[in-house]
Structure formats: C-alpha cells, structure tokens
Amino acid sequence: MTPAHFDGLMPVVIFMALAVILFTGGHFASVLLAPKKPSHGKSTPYECGEIPVGSAWSMFNVRFYVVGLIFIIFDVESVLMFPVASIFRELNDMGQGGYALIIFLSFISVLIEGIAYCWRKGDLDWVKSFQVSTKNNKN
Amino acid sequence: MMGLASYLLISLILFVAGLVVMIARKNIVAILLGIELILNASALNFVAYSRYVTNNLDGHIFSLFIIVVAAAEAAVGLAIVIRFFQIKETVHVDEATQLRN
Amino acid sequence: MFAQLLFAMSALLTVGGAIAVVVTKNIMHSCIFLLACLIGVAGLYATLGADFVAVTQIMVYVGGIVILMLFAVMLTGGKDFVSRAQNLLGLAPSMGNKWTFSIAILVSIVFLLTNISLIGNIVRSHAPKTFGNDYPSTVSQIGHLLVKDHVLAFELSSVLLLGALVGAAIIARPRKQ
Amino acid sequence: MNQTVVSYLSQYEFYDIILEAFGNNEGLLAFVIYSLFAVIIVALCATIGGLGTYAERKISADIQQRLGPNRVGPYGILQFLADGVKMMTKEDVMPFTADKMLFYLAPCLALVGVFATLAVLPWSSGFIMADMNVGIFYLIAISSLVGVSVFLGGYASNSKWSMLGGMRGASQIISYEIPVTISILAIVLLAGGMSFGAIVGHQKGLPTNWFIFHNPFAFVAFFVYFIGALAETNRAPFDLPEAESELVSGYHTEYTGMRFGFFALAEYIEVFVVCGVAAALFLGGSNLPFDISFDILPIQLVEVVIFMTKTLLLYYVVIWIRWTFPRLRVDQLMSICWKYLTPIAIVNLCGCAIWLVVFNGRSFAQIVFGGHH
C-alpha cells in the first residue's frame, strides 16, 4: 500500500514544510531577540509623515480586473495546450504531424482572435480611462 | 483509508459547504465562491470514479473541462458583479431585482 | 505510508478550508480559505494519480480564479461590505422558519441515505477490482485523448473561452457615464 | 516519475547497505535522503539569496564606480550575515489597522511558493529532487502563489502605498506570466515532454543542440522568456510594485524585521530559480559541453557546477540590467507585455510547431551541417 509513485512527490511536501518551518523559526527568533516597545505612532500606516485619512481598502480602477480577465483566459488556454504540445513531437514521429499542426494552429488562432479583439477595443491600453475622463472634463 | 468512499465523503462535504455558502451568504462574490466549491466537488468525484471505477482517463478529461468552464464562469460572473456594483453601489444579492441596466 | 500522509493532509486542508469558507464572515478571509481548500483538492488529485489535473487545478485556481476574486473584492468595496443577514448559526437569512428547516433536514437525510445506498451499490459492484499500484503518466494519455477522442471539445473550449473573454470584457469595461 | 536522487543513488552498492540499516523500509530511507538534500538545497539557496544582496550592492557599486560594502569580513562578503542578524533583532511593527492573519500569512505564502519550485530544478542528471512528468508546468503553477502573496502583503498592510504596490504587483505578475508560459510551451513542443529530465536530456552534446539554437523562433523565445521572468520577479526595470520613488517600497512598505527579510529572501531565490529554469530550458542545463558519459559520482558534481555556472551568469546579467536601464512607466509596462511580448511569443509558438513539422524535428544546425535526427 505504499506506491512508489507517491514517494516522488515527497520533495514537494518537504520543501513546503521547510518553508513553513523556516518562517515560524525566524519569527520565533525575532520574537526572542527583538525589542518590544509598541507605540501608537509606530504602528500607524506609513504615509510619509502625514496622518492617514481613511482606510486603504477602497475601490480600485476596473482596468485591474480587465487585465486579470484577459490573463485568466490565456492561462486556461495555455493549460489546454500543454498536453497537446508535449505529444506534438510524438505525433509528428508517428506521421500525424499535419493533423496535429492543424488542430494546434486552429486552437491558437482563436486565442489570437481574443487578443486582437481586446487590442482593437483598447482593453490593452492602460491609460484609456484617463482619456475618457479628460473628454468628459472638456464637455 | 484511501478508498473511493473517503473521496466521495470529502466531495460531499465540499458540495454541502458550497451549498450552504450559496444559501446563507448575501454577498455575490461569496456566492461565486460557493459555486467554485460545488464545481470542485464534482470534479473530484469525476477523478475518483475514473481511478476506482472505470480506470480510464475520461474522468480526467471531464474534470479538466470542468476547471476550464469554472474559469470562464468566474470571469463572466465577477464581471457581472463589478458592473452591478458600479450601478447599485452594493454587492448585496437582494438588491439585484432588475434584468435590465 | 507517505501516500496516506499526503491524503490525510490534503483531506484536512480541503475539509478545513471548506468549513472555514462557510463560517468566516470576512470575504477576504473566505477567499484565502478557498485557496487552501483548492490546494487541498489538488493534493487529493495527486493521491489519485491525476498529476496533470492536480497541477491544472493549482494553475487555474491559485494563479487565476483566486486572484481574480481578490481583485473583484477590492473593486467592490473591499471587506467593508458586511452582510446584513446573520450567519449560519443565527439562522436568519430570511429563508424560512423552524418548520421549513426541519423539513429541509428531513429531506436532505432521505436524499443522503438514497445517495449512500446508490454509491454503495456502485462500490460493491466494483469492489473486487483493484487496479494495482501503477500510476502511469497521465500527460501523454490526456494529450492523445484531447487530439483524438475529445478533439471537438478541445476546439470548442477555445471558442467558449473566447466568448467568455469578449462577454466579460464588454460587461466590465469602464464606460463613459 | 523518472530519475530522482533516490533512484540515482539506488544503483550504487552503499544504498543497499544503508537500506539494511533502515530495516528495508524504502519509504523511510527515501524520506531521509530527500530531507537531507532538501535541507542542503535550502541552505544553498538561502546563501545564494544572501550573497545575491551582497552581489547586487557590490556590482552596482562597481557599475557606479563606488566601493560598496567593505567593512564586514574580507571585501565585505559577510555583509549578508550582518543584515540577517540586523533583521532578526529589529522590532516587529504591525500597523494597527492591518489584517493580522493575512499580514502573517503573506510572507509565508511567498516562501512556500518559491521553495516548492526548488523541488523540480534539475541540478544535474542524477541530483534532481522530483522529476515529475508535469515538471515545468508544476513550476509555473506553484510559483503563482507568489502573486497571491504580493497582493495579500499589499492588502493586509492597509496602507495606501502597500495597497497600490500590491495591486500593481499582482497585475504585473499575472500579465507577464502569459508570455513566459507561451515561451515555455514552445520548448515543451520541441522537447516533447514537460519533465525537466526529458527537456535537459534532449539537449545533450554540443552547444548547437541547446534549444536556444534549435531554430530562430526558439532563439527569440529565450529573450521573451527572460524579459518576462524579469518582470515576474519584480526586478528592475520592471520593479514598479516596489518603486521607491513613487510607492515608498510597494507591497512591503509596512513589513519590518524578519517578515521583510522573508519577502526579500523569497524574491532573491525566485530570481535564482527563474535563471535556473532559463539555463535548463534554453541553455542546455547541466549537460557537459561534449557528449562525455561516465556515470560516476564526481561527474554529477561537475554537472552541478556547470548548471550553477550558467545560472549564476544569468543572475549576473539580471543584476547588470537592473543598474543599466531606467524604470518603465505603468502604461509602458502593460503595452510591452500585451502588445509586444505576448504576440511575439504566440508567433514563436506557431513558428516552432511549423518548424517541427516541416523539418521533421531537426534543429537549425542539423539542417545546415547535416547530421542525423
């Protein structure tokens, strides 16, 4: 009941555990060694000497989300391309290179359409919203 | 310990947790979290069945596409949430009473 | 031994994360517990020998969906949004009273028992089959399945993702007021 | 699972003797060997990370014609130890508005994400910790934890500078993951497998067999990968999330003492890891320059040295770039990623696929100088 397969995954767990151990160890050491003199001024968020107004957890511009959106679509497409890419050479050696190439390129062409659409609509421009707001100001 | 039943039990817990989140929460983002949990429960079931029952990889393909669809669903769902917030200034699900705008 | 350990840790992470998602009120913390839960599910996939699905889970969920959700939480006012409804133990999400809850519990128990007996039948009918401890590489097999048996789903998924991209970009795009 | 440290060592006789001592419990012995090597690698990487800060200051001083650190130890080489001690004895300050749980969690996540990538780095043909079949894919996936930790570090501090830096950092890291992933996809295509063992094993022999010289598209893919990796690790000229002249210090503005140290350590080790991946994927990895094959232990050490040499040369280039180029603007950053690197990477991928089919998998050098496949 000990498949040797899983022993190969051991390093992953060991490294993660080492990271946690190192983190807690370093934290513990700093608790032991570091001075503890808390004061109100010290634990105020740093804003170059100004007294902070309001919380930083406020609303952000929606372009961050649009970037994340384009990212996740490309991410998922690359996930689907990985297994096909890893057998591409094998298929080519089996004489099915043309078939694999057609499948692969048609998959990528849809990907290219997505990026072309976002490019044309200006979702890839970071400063677009500024231009919109200046137009409004002129009006 | 590692049998089909334990995987099904875990996926049952995931499903119930997702369902409870969907029912009890009023924040739309939290409801999307619940949907992710439910989708994960079903994907886990597919892989567990493909290991213990059918012993081929069709279950893996299924859960792969579940993950793909989950990503698309999250992208569109969160976009709707953000648009909803821009209009209504809230993410409370009871405020979503209109189909247009 | 290690397999059991991996399974136990993953299961603990999954179940604990799922329960924490339910009971936490702070939506930001919920997202992080969801992250833990999803990593646990990836570990469970690994114990099932589904290495490619496990890594896909980490790649899409941890790298993509959770970050997207964190962004969305920030874009919708952060954690300042506090649910007006009470949480699970308060039982006040305006969804019924004692009677409806007790009926719901009864129905769910019946449903659960039915499901358990169904699953038990499946397990029993397949019980003697053990597929041994061979865990072949799933990557090349999944690749072959994707370009042969499931090629239509493979191609259509790219179209689905294109549709999701275009639709979500139209919805979320900042527009002139 | 292919070759690992344990399966490599098990071909020697002393392995059997040790196995006897462990009561023939292979799992336990594997655990001990893995733990031993993991501790060695982590110690090595922590030292490299520490020396990285020293090298950074020394090389920048060299470029700017200064002396740099020169007080602690000969040529100031023990500076990083002094820095470490200083960090440990610094007071731990947390803003009272902070989200305590996430504030503790963020550096830990960064550390976990970076350390987990060390498990698949191919140090040599024998000394590879986990040669998973999904190796490079796993590395890309698990290192995206760093993006989450950057966002969380910015969020949990509840300071405006941190929040801005965290948002910027997360969106930059995820954006540049796309060209990096697609460039790696081109190499997976050429190697016909995702495991590091297969990829490195494919580049044996003369440097003309390295994937960077396989075809013109792969040559471009290397530069796309390298630029993207610089941005993914928040290195200059892409260090906008921590731009000190506009955001104070970005997402770790509020972090002090040991927790700041862990963020810095994770960042330096991540630079080392991406350089190692570049060396393994494009520059032949740990292969000896000529097709020498003695399968004895000292050769493994030579291979480790070769791998480290390539990696550290790339590390030097990273530091060199930092002190040479000015920082980009945010809009330039995004347009470089989405309008230049990503289309170029997609063209590279298509080009590699077509090259593979048209020339039947032969590399550029094999076509020009002849030779067999």
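Which residue takes a positive phi of about 70° just after H8(D)? In this predicted model, the residue is D:Gly192, which comes just after H8(D) and has a positive phi of about 70°.

**View 1. Helix H8 of chain D and its bend.**
Along the way H8(D) bends by about 25° at D:Glu177, and a proline, D:Pro179, follows within four residues. The helix is mostly covered, with 32 of its 32 residues buried.

**View 2. Helix H7 of chain D and the residue after it.**
Helix H7 of chain D, made of residues 145-157, has 13 residues, and the distance from its first C-alpha to its last is 18 Å, close to the 18 Å expected at 1.5 Å a residue. H7(D) is mostly covered too, since a count of its residues finds 13 of 13 buried. Just after H7(D) comes D:Asn158, for which phi is positive, at about 55°.

**View 3. D:Leu145 and its surroundings.**
D:Leu145 is found in helix H7 of chain D, and it counts as buried because 25 C-beta neighbours lie inside 10 Å, where 20 or more are needed. If residues up to four places away in sequence are left aside, D:Leu145 touches D:Leu109, D:Val112 and D:Gly113, and it also touches C:Val62. A further pair to look for is D:Leu145 and D:Leu111, which are 34 residues apart in sequence but 9.1 Å apart in space, taken from C-alpha to C-alpha.

**View 4. D:Gln65 in a loop of chain D.**
D:Gln65 lies in the loop between helix H3 (26-63) and helix H4 (79-88) of chain D. Is D:Gln65 buried or exposed? It counts as exposed, because it has 6 C-beta neighbours inside 10 Å, and a residue with 12 or fewer is placed in that class. Its phi is near 55°, which is a positive value in a residue other than glycine.

**View 5. Helices H2 and H3 of chain C side by side.**
Two packed helices are described by the angle between their axes and the distance between the axes. Helix H2 (residues 27-47) and helix H3 (residues 51-75) of chain C have axes that come within 8 Å and cross at roughly 175°. H2(C) and H3(C) are therefore roughly antiparallel to each other, as angles over 145 degrees are given that description. The residues of this contact divide into 20 nonpolar, one polar and one charged. On the H2(C) side they include C:Leu34, C:Leu38 and C:Tyr45, while on the H3(C) side they include C:Asp51, C:Gln57 and C:Tyr61.

**View 6. Helix H3 of chain A against helix H3 of chain C.**
Here the two helices belong to separate chains, A and C, and H3(A) and H3(C) pack at an angle of about 175° with their axes 10 Å apart. H3(A) and H3(C) are therefore roughly antiparallel to each other. By class, their contact has 16 nonpolar, four polar and one charged residues. Among the residues that meet are A:Phe64, A:Gly68 and A:Asp75 in H3(A), together with C:Phe52, C:Gly63 and C:Leu75 in H3(C).

**View 7. Helix H5 of chain C and its packing partners.**
Helix H5 of chain C, residues 138-147, is mostly covered, as seven of its ten residues are buried. The buried residues in H5(C) are C:Thr138, C:Val139, C:Ile142, C:Gly143, C:Leu145, C:Leu146 and C:Val147. They pack against H3 and H5 of chain A, helix H3 (58-88) of chain B, and H3 and helix H6 (151-172) of chain C.

**View 8. Chain A and the chains it touches.**
Chain A has six helices and zero strands, and buried residues make up 43% of its 139 residues. Between chain A and chain D, 62 residues of chain A are in contact with 73 residues of chain D. H2(A) gives the most to the side of chain A that touches chain D, with 16 residues, and by class this side has 40 nonpolar, 15 polar and seven charged residues. Towards chain B, seven residues of chain A are in contact with five residues of chain B, and the chain A side of this contact divides into seven nonpolar, no polar and no charged residues.

Methods: Residues are numbered from 1 along each chain as its sequence is written. Chains are lettered from A and ligands numbered from 1 in the order in which they are written. This is a predicted model: local features need pLDDT of at least 70, side-chain atom pairs count only at pLDDT 80 or more; totals for chains, interfaces and linings use all residues. Two residues are in contact if their C-beta atoms, placed from the backbone, lie within 7 Å. Ala, Val, Leu, Ile, Met, Phe, Trp, Tyr, Cys and Pro count as nonpolar, Asp, Glu, Lys and Arg as charged, and the others, Gly among them, as polar. The bend at a residue is the angle between axes fitted to the seven residues ending there and the seven starting there. Axes are lines fitted to C-alpha atoms, for helices over the stretch in contact, and angles run from 0 to 180 degrees between N-to-C directions. Angles under 35 degrees count as roughly parallel, over 145 as roughly antiparallel, 65 to 115 as roughly perpendicular and the rest as oblique. The expected span of a helix is 1.5 Å times one less than its number of residues.
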